[in-house]
Every structure is written in C-alpha cells, then in structure tokens.
Amino acid sequence: MKMMTMVNLVRGSVMKIHGLSRVSLCVPAVCGVRGLSSTSGPKVCIVGGGPAGFYTAQQLLKARQEASVDIYEKLPVPFGLVRFGVAPDHPEVKNVINTFTQTAQHERCSFHGNVNVGKDVTIDELRQAYHAVVLSYGAEGNRSMGIPGEGLAGVFSAKDFVGWYNGLPSNKELHPDLGCETAVILGQGNVALDVARILLAPLDMLKETDITQNALEALAGSKVRRVLIVGRRGPLQIACTIKELREMVNLPNTRADMLSDDFKGIAEALKDLPRPRKRLTELMMKAVKEKGDDKVEKCWGFRFFRSPVEVLAGADGKRATGIRLALNKLEGSGESVRAEPTGQLEDVGCGLIISSIGYKSIPIDPAVPFDPRKAIVPNEMGRVQDTAGLYCSGWVKRGPTGVIATTMNDSFDTARAIIQDMEAGKLDVSVSKPGAPAITALLQKRDVRTVLFPQWEKINAEEEKRGKSLGKPREKLLDVDKMLKIAWS
Amino acid sequence: MAFRKCVLLRSSLAPMCYPGFMRTQPRFLHTVPRLSSQSQENGSSGSKVLVHFVNQSGVKSSVFVTEGETLLDVVIKKNIDISGFGACEGTLACSTCHLIFEESVYDKLEPMLDEEVDMLDLAYGLTKTSRLGCQVTVERWMDGMTVHVPQEIKDQRGKQEAVSSK
C-alpha cells in the first residue's frame, strides 16, 4: 500500500505543523539541552507506550511548558494496541502513530523501550525519581470463559489470535490450525468482528496490509468457510459498532447467515431506540432479510441468546471438535437486561474456537493497589487510591473497552488531574527529582539496556524495507532479539 | 503537485478498499481534490471566510479561512488549540474532529453519508447539530459562523469534594 504510506506521510507532515507549534512553546535557550542540564521543571514518568501513555504525555507537555515526560515501555517497540490490536485492514486508525511520533520526538519527552516495569525497575524506584508516575500499561491478560475444555487445542483467546496476525512477539508460536470448516467466536464486540473479518476476507485485500507473512500464509491455506459470532444476550445488546458491522455485511464473496428466530420482536422495538442503536439494529435486520446467494461459499452470522458451557473434544481427547452452548432468555429491561439459562443446550460442530469476551489488566507491582474483581487499578479520576503521586490512564484505569478516542479523552482527564494537583501543591514539584538519568543508571546496573526512540526508528525502517519487497507497508519483526539487534546496531 | 496526486489515488482507496467494491463514496473524495486545487499557501484563489472556533475550555479563536478547505484542515493549518483533534487525519476512522454548529448553519450543510453518521454516533458529547469537521467544507455563506467542541467538565476536584463530604 505505497499510496497509503504516501498519503500518511503527507498527512503526517500537515499534522506535524499542528502538533509542533502547539506543544513546543518552550524556548530552547532557557530549557537547555534535553537530558544534560538540571531542568527544574516537573518530571513525569509514564509506564506504557501505547495510546494512553502517549496521549497523557501529549497533554502534560502542552499544559506545562517546563514539564518533561519519560515513557517506559516493555517491548522495544512503541504504540501498544495501535500496532498490535488494530486490524491490519484498518490502516487509517493507525494514523495516530504520526501524532505519537511527534510527541516522542518532542524535546521534553523521551521514550525508553525494553524496560519491564515491575521486574527491571519497581514502581517505588520510579516514584523516587519522578514527581509523578502514571500507569498506562493497559490490559495484557484476557478473561477466560471458565468452562471445561477451554485448554484443548483449537481454542484461543481473541487477544492471542489478534496478537498472532498482528505480530505480537509472544504470540508468534500460536500456529492456529485453520483446517476446519466452521469457526465459532464467543463475544460480539468489535474485536470479535475483526477476527471474523480477517478469517473470511479475500486474500487480495489482506496481502497489501501489514498482517504478518506467516498469518497471511496460514490464511491462504485456511479451510474456514463459516464463522459464527455468538453472544449470550440479544440483538439489542450487541456490543460491536456499526462501522465494523457494515464491513462484515459488505465483505466480498461472503453472505450473512442469521436466524430469524433470534430477531423476534426486534422490528417493533426499533422506533424507541436512540439513533446509534437504531441504525445498528436496522443494518442487522437488513442482513437477516437479504440472505444472499446460497452458492456463495463463505458465510458468517450472529447467534444470539447462547452461552458457552463446554468445549467438546474429539476421539483423542486433545482437540476441540465442537462447543456446547446453553440457550438463554432475557430477564429485566433497559440497560440491565440479563441472560438467564433456559436449561436447553445446543452443540455446534467446529474446529476453531475463539473467545472474545474481554481483555484483562494484571497487577505489575505489589506496591500498586489493584482491584482483582474489576481488574483495574482503583482510582478517582485517574488518581490512584491512597497513593499520592501515582496516577493511571487508559484501560488499566477504566477497564478494557472503548476505541482510541475514548482512551484519548480519558488520558486528557488524567493529565488534567495531574496538572491540577501540581497547581494546588498536592504534588510538590519544588523538590528536585533526578528523573531518567537515575533510572538509566539503575537499569545499567541490572544489565538492562533501553531502546531510545531513534533506535526504534531503525527497527521501523527495517520493517518498512522488508515490507516494500512484499508489497506491504511493513513486515513486522516477530522476535524481540531481532528487534534489539537492529535497534542497537 | 505531489499532494494532489496522493489524494486522488487515496480517493480510490476509501476506508473499505476491497476490489470491485461499489458504494457511494464518502465526503472526503469530493472535498480533497477541491482543496488541492485551491492554492492555500498563496491565498490568491477562493474568498476568505471568517470562522470562530470555541475550544473545550471556552477559549474562542477567530480565523479567516479559504473556501474549499475542510474544517479539519482549518484547525490544523491555523493551529487552533483543540485537544486531540483529527486523530485519524480525516479518514472517517474516528470521531475526534466532532464539531457542534449553530442550528441555522447545521440545517444548510450537505447531508451526511452513512460512513460519517457511523463515526459521529460514537462522538463524545453528541448533539443534534453535530458534524465531523473533516466532512464539512468551508463555503462563503458560512462567513461569521461559530463552531464549538463539547465543553470540558470544569473543576472535577470540586465535584469530588462535594461528594465525599456526604
């Protein structure tokens, strides 16, 4: 997609004018060279180099002209879910990388990759070195279904499946077997629809994206022809948004395969729905009506009122060959509609089961309060409970839902709380803090070498070069070791 | 001009660029080629239109803009201070260029395509006179209009203290 890259570059340079003049009002002569002089401004440390981290940094840099921000990231590469979560066929969504790149290149900001906070350095050590520490490390775990057979071969979390086709190093050995005809996805959010779409999309389209080459090859040999997307409640509770549904409805060489029974009473309910829900539901009803040509081999469909109760194994007891679903009815009304089992069961034969019921944050340091039930860091407006100087933004703050814009607004809120606290004296920024040099020294003692932003740019250049020869915007490196070798070359 | 070529090629790619894909083209396909045909650097062609922007903190910026530009282009070029505006850079993949119009102006804007409504419906602080800035092209009759973004909630801390004193 050379054209996309060109447009992104042009767009990026337009955005550059915007971003740079907004953020750098700092006079270089006064501030001194980054990292060398003892900049007396507030020093903030951000844990996590994804959208939450970058948007929080952006807002802090803009609001306080003497503030400096350091972003620590576990992987050698930045951008988090923008790189590893957003689907390969949604390159426009990844345009935010341009604004994040500007932020990382800002003279009062520095990026430190290959640092595992909680292991290589503790939160307490960061709090000693900085005036404020912001946790923006997202949700790297996933909610399990908690049913028998979940551990059988052929069952994956959507997080891992998405990580696999997006080149997340820890998922490179996933090797999902795509030799079955039917795939069942549990969950009906945008991630579930992304997975369905990638499983059924024409290869012609996928091969020009940044999907990994091994995923592309696996999909080229895929026998999957039917994808069922299963939810425990009804059509009016579906969690996906209309853009993603429209993409499924318009997916070439596929047809929709829904059950009209699942839609009883829905047409009557339409008139009372708010516009977004109404349009989404109308589009679904249209897909139910226009069943499409039976001759079209690939199909996809929602299945409502169904909860997974067991993954069924084949004769050898090792591999999934089906899933047992409990049929539900809805109780309650409005926002609190819930699914109650009817006692009826239904078995669906399938060889690939993908559970897309939510990502989940994990605690990374015992010094940080963590709510295991909600799987978030307990906080008030981004201020971590009972812990002065510690803040959070993004999914680790409010849970793993929402699009990039949601996280953006959330991160701006946290930045605002930090600024307020600085201005009110709740954060004492008059005391001198050492910042990055202290942490770098600690890391050096522990044999941890960081990846700075210009070094990520070497990895970036290498990926783009490899992609070029394949007609793709980039070919992602899958090995952390390879990334580090190139970064430090 | 390289930029024009880029965007014309871009226009065939649309947010959903499957081969043989047939549907109504989203707004930016019509506006962007017009944008590149205006020489905005020279400012010689297209009349100047006065537009007032009110940002999330209530701060007003008044700028003269060229007919034919989208409001997203205006915010970027004129450096209007609106936090996080235009994240997807005008490709109908987000809702961050959400702008609220005066009713009289809103009613005269060209109708929205499905793709705009799809994203607009996810915008924070949506109103009956909301549009996405990347889909609205400046025209002469808009001279003197005011657009604003949802106002940020002021003094969260004050609110909190009121709650905790219960």
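Buried is taken here to mean under 20% relative accessible area, exposed over 50%, and partly exposed in between, with a 1.4 Å probe and protein chains only. The model is a predicted one, in which local features need pLDDT of at least 70 and side-chain atom pairs count only at pLDDT 80 or more, while totals for chains, interfaces and linings use all residues. Residues are numbered from 1 along each chain as its sequence is written, chains are lettered from A and ligands numbered from 1 in the order in which they are written, and side-chain values use heavy atoms, with hydrogens and water left out.

Helices (H or I, at least four residues) and strands (E, at least two) are DSSP runs, numbered from the N terminus.

Phe79(A), in the loop between β2 (68-72) and α4 (80-84) of chain A, has a positive phi of about 90° without being a glycine, and is buried at a relative accessible area of 1%. In chain B, Leu92(B) sits in the loop between α3 (71-77) and β3 (98-101); although not a glycine, Leu92(B) has a positive phi of about 55°, and is buried with a relative accessible area of 2%.

Rings of Phe, Tyr and Trp (its six-membered ring) pair if their centres lie within 6.5 Å, with planes under 30 degrees apart counted as stacked, over 60 as edge-to-face and the rest as tilted. Over all chains, 16 aromatic pairs are found. In one of them, Phe54(A) and Phe79(A) are tilted, at 5.6 Å centre to centre and 40° between the planes. The two partners are 25 residues apart, with Phe54(A) in helix α3 (residues 51-63) of chain A. Phe54(A) is buried, at 0% relative accessibility. Both belong to one aromatic cluster, whose members include Tyr55(A), Phe100(A) and Trp456(A).

Turning to the cysteines, zero disulfides are found over all chains, a disulfide being a pair of cysteine sulfur atoms within 2.5 Å. The sulfur of Cys109(A) is too far for a bond, because the closest cysteine sulfur, in Cys45(A), is 11 Å away. Cys299(A) is likewise in no disulfide, with the nearest cysteine sulfur, that of Cys180(A), 13 Å away. Cys109(A) is buried at 5% relative accessibility, and Cys299(A) is buried at 4%.
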